[in-house]
Amino acid sequence: MSEPTKAPAASAGSRAATKKELPEHFKSYKHVWVFIEQERGQVHPVSWELMGAGRKLADKLNVELAAVVIGPEGESTAQAAAEAFCYGADLAYMVADPLLTDYRNEAYTKALTDVVNTYQPEILLLGATTLGRDLAGSVATTLLTGLTADCTELDVDTDGSLAATRPTFGGSLLCTIYTLNYRPQMATVRPRVMPMPERVEHPVGRIITHPLGLVEDDIVTKVLSFLPDRDSAKSNLAFADVVVAGGLGLGSPENFQLVRQLASVLGAEYGCSRPLVQKGWVTSDRQIGQTGKTIRPKLYIAAGISGAIQHRVGVEGSDLIVAINTDKNAPIFEFAHVGIVTDAIRLLPALTEAFRARLSPHSRDRIAS
Amino acid sequence: MHIVVCIKQVPDSAQIRVHPVTNTIMRQGVPTIINPYDLFALEAALALRDQHGGEVTVLTMGPPSAADSLRKALTFGADRAVLLTDRFFAGADTLATTYALATAIRKIGETFGAPDLVFTGKQTIDGDTAQVGPGVAKRLGLLQLTYVAKISALDLDNKTIEAERRSEGGVQILQTRLPCLITMLEATNEIRRGGMADALRAARAEVVTWSAKDAGVEDITKCGLRGSPTIVKRVFAPQARAEKATMVDFSDTPPADALIAELFKRQPKLETELATLARGY
Ligand SMILES: Cc1cc2nc3c(=O)[nH]c(=O)nc-3n(C[C@H](O)[C@H](O)[C@H](O)COP(=O)(O)OP(=O)(O)OC[C@H]3O[C@@H](n4cnc5c(N)ncnc54)[C@H](O)[C@@H]3O)c2cc1C
Ligand SMILES: Nc1ncnc2c1ncn2[C@@H]1O[C@H](COP(=O)(O)O)[C@@H](O)[C@H]1O
């Protein structure tokens, strides 16, 4: 969608389109596919999250769920396919070729479009990662089909269409998008948006291999080298058990220290809303929300954050959401579990001290005795 | 060398409001800006031109008022601006947008010289799909380098380019052939302040304005709403959770203590979990 904002006008004009029949040649398109993303031998967790979502869609449609595994020939790709069965795949399509060792758009686009054209899925899901977006855009354009990016909810309608929901421009709305007359219906979902399904030990099932059909000379782009990120450079925000975040309500970059201090006492990661990144108060890897990180902690504390939809979709998977806001009508109280209407600039230091007292080993001894 | 940079005019998101009753976006009076992500693409293009010579053409598809953004781009130092505007383009999704932009870039090539490079931003702040760049590349048969943090080498004689591309676990150093399309990562440079000369030139410059027909669009059904495989079926406000948030009452306890008591009452396991976590630090 390049202009979901056109929604109100578009929905009126598209009513005619909703009636159109699916063209005959698309009627054979069946089953739900998930692209299994692996880079340097590691499957990206978003692929398993998508298997969970794909399983639900497939069950609702009463069709099969297939994993599409593309990668170098050898152990890691075979292993990724085998794992897919533990995350609910009924079968796997596999394109394994030494030319697929590094991710390159040309080779991966060819591999994925070929398999799609040959085996014709009705739904194709990819992770909205740098790799997934690079690939999804090329594949959808090659196939001339629709692609809905960064979905937060996937469902099937009564008529079997994929209903892909994503936040739309403006701060508080969601829109549901359909690809009515084209197949496959493609969607991307960001990491951590869907819950990780349980892994269930499962023997390797049916694997259909498909050739890549390229030689190195066909691929123009060469990977000269790869510089892996240092572990210390990565924040663990997306996977943290406890997250404390601050928003514009904190009023100044100095006050953001209060968020860091509380996070530090709790052994938590800290995060922020988007305006703080735009103002340069906090680095962009700390942004939580639709265009930042999605988090699923056990405890999320949001201080001075209003709770716009783009922020909400990034935190909704948290077990316990606590909102501190001076405005009792702030939208964040619509989805928080616990709310407190008070000045965060005064509450945060008090909270830090109170937690420090309760959680210090000294106080634990006291509780124990 | 000829570089085409795709920029989009977008409403300034910081000032968007939603109508409390009708749940529609109130666009009236909202100022527009160049999509912030596109400025990194523009600066990268201008820097390459300064280094290697040549011209930078900025291109946008949008309403006639989008000429403002093109003019702004000229004040930063772009050499030429092309506005693609036609009611047939209205309501375009990604696929229809890439069709229109790719057609216009072909026409720009025929009219002003074939581009060696096409730049787009990483994503827009309104559409926000990050898919238009790859789509345009595919339609033009260009190689694509997405999420580029740095262009480390450009060899116009041998028609090769080397770039650092952000990937999930690190940085890929890629080499490919020109012409190619680059989507530029944010925060990789800072847009220059255009000089006086550029401002004067921009004020006088003519924005090349093309309708669908002018740009060489042959099949109008591939444009706008009609050319869009996706449709927006429903726009709605998110539901409040069924169960309301428990509001902490701190009339007779300090607020911090009242809040912590509520948390541990609600999730008794939390206290031991927090204690374990806190010990780790
Ligand atoms: C395409 C797009 C993508 C976006 N992506 C994201 C994203 O990924 N993440 C994100 O966060 N946003 C995102 N946004 C922005 C989002 O729409 C909101 O503008 C943003 O989340 C608001 O940030 P905020 O809550 O910090 O600020 P505000 O909305 O200004 O809220 C500040 C809050 O603080 C409260 N407050 C004021 N003083 C105090 C005090 N002393 N103590 C306690 N509370 C106080 C106020 O009552 C208010 O509720 C996106 C927007 C768009 C258009
Ligand atoms: N209407 C448009 N006109 C010109 N360029 C555009 C337009 N829409 C998108 N783009 C370009 O494509 C990039 C990605 O946009 P999007 O896929 O909407 O996130 C933007 O950063 C722009 O460079």
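How many salt bridges does the rule find across the interface of chain A and chain B? The legends below take up this question and related views of the model, which is predicted.

**View 1. Salt bridges and polar contacts join chain A and chain B.** Across the interface of the two chains, the rule finds 5 salt bridges. One salt bridge is formed by A:Glu334 and B:Lys244, whose closest N and O atoms are 3.8 Å apart. On the side of chain A that touches chain B, helix H6 (residues 130-143) of chain A contributes the largest share, with 10 residues. By class, that side of chain A consists of 46 nonpolar, 33 polar and 21 charged residues.

**View 2. The contact between chain A and chain B draws on residues of both chains.** Chain A supplies 100 residues to the contact, and chain B supplies 86 residues. About 8,300 Å² of area is buried between the two chains, and carbon and sulfur atoms give 61% of this area.

**View 3. An open sheet is built from strands of chain A and chain B.** Its 4 strands follow the order E8(A)-E9(A)-E10(A)-E14(B), and their pairing is antiparallel. Strand E8 (153-156) of chain A and strand E14 (230-236) of chain B stand at the edges; each has a single partner strand, so one side of each is left without a neighbour in the sheet. On average, neighbouring strands of this sheet are turned by 30 degrees against each other, with direction ignored.

**View 4. Strand E10 of chain A pairs with strand E14 of chain B.** Strand E10 (residues 173-179) of chain A and E14(B) are joined in the antiparallel sense over 6 bridges. Within this pairing, A:Leu174 stands opposite B:Phe236, while A:Thr179 has B:Thr230 as its bridge partner.

**View 5. A salt bridge links distant parts of chain A.** A:Arg206 and A:Glu64 form this salt bridge, with their closest N and O atoms 2.9 Å apart. A:Arg206 belongs to strand E12 (residues 206-209) of chain A, whereas A:Glu64 lies in the loop between H3 and strand E4 (65-71) of chain A, 142 residues apart. Over all chains, a search of the whole structure finds 32 salt bridges.

Key. Residues are numbered from 1 along each chain as its sequence is written. Chains are lettered from A and ligands numbered from 1 in the order in which they are written. This is a predicted model: local features need pLDDT of at least 70, side-chain atom pairs count only at pLDDT 80 or more; totals for chains, interfaces and linings use all residues. Side-chain values use heavy atoms; hydrogens and water are left out. Two strands pair if DSSP finds at least two bridges between them. Helices (H or I, at least four residues) and strands (E, at least two) are DSSP runs, numbered from the N terminus. Axes are lines fitted to C-alpha atoms, for helices over the stretch in contact, and angles run from 0 to 180 degrees between N-to-C directions. Contact means heavy atoms within 4.5 Å. Buried area is the accessible area (1.4 Å probe) that two parts lose on being put together, summed over both. A salt bridge is a side-chain nitrogen of Lys or Arg within 4 Å of a carboxyl oxygen of Asp or Glu. A polar contact is a pair of N or O atoms within 3.5 Å; within protein, one must be able to donate a hydrogen and the other to accept it, and residues adjacent in sequence count only if both atoms are side-chain atoms. Ala, Val, Leu, Ile, Met, Phe, Trp, Tyr, Cys and Pro count as nonpolar, Asp, Glu, Lys and Arg as charged, and the others, Gly among them, as polar.
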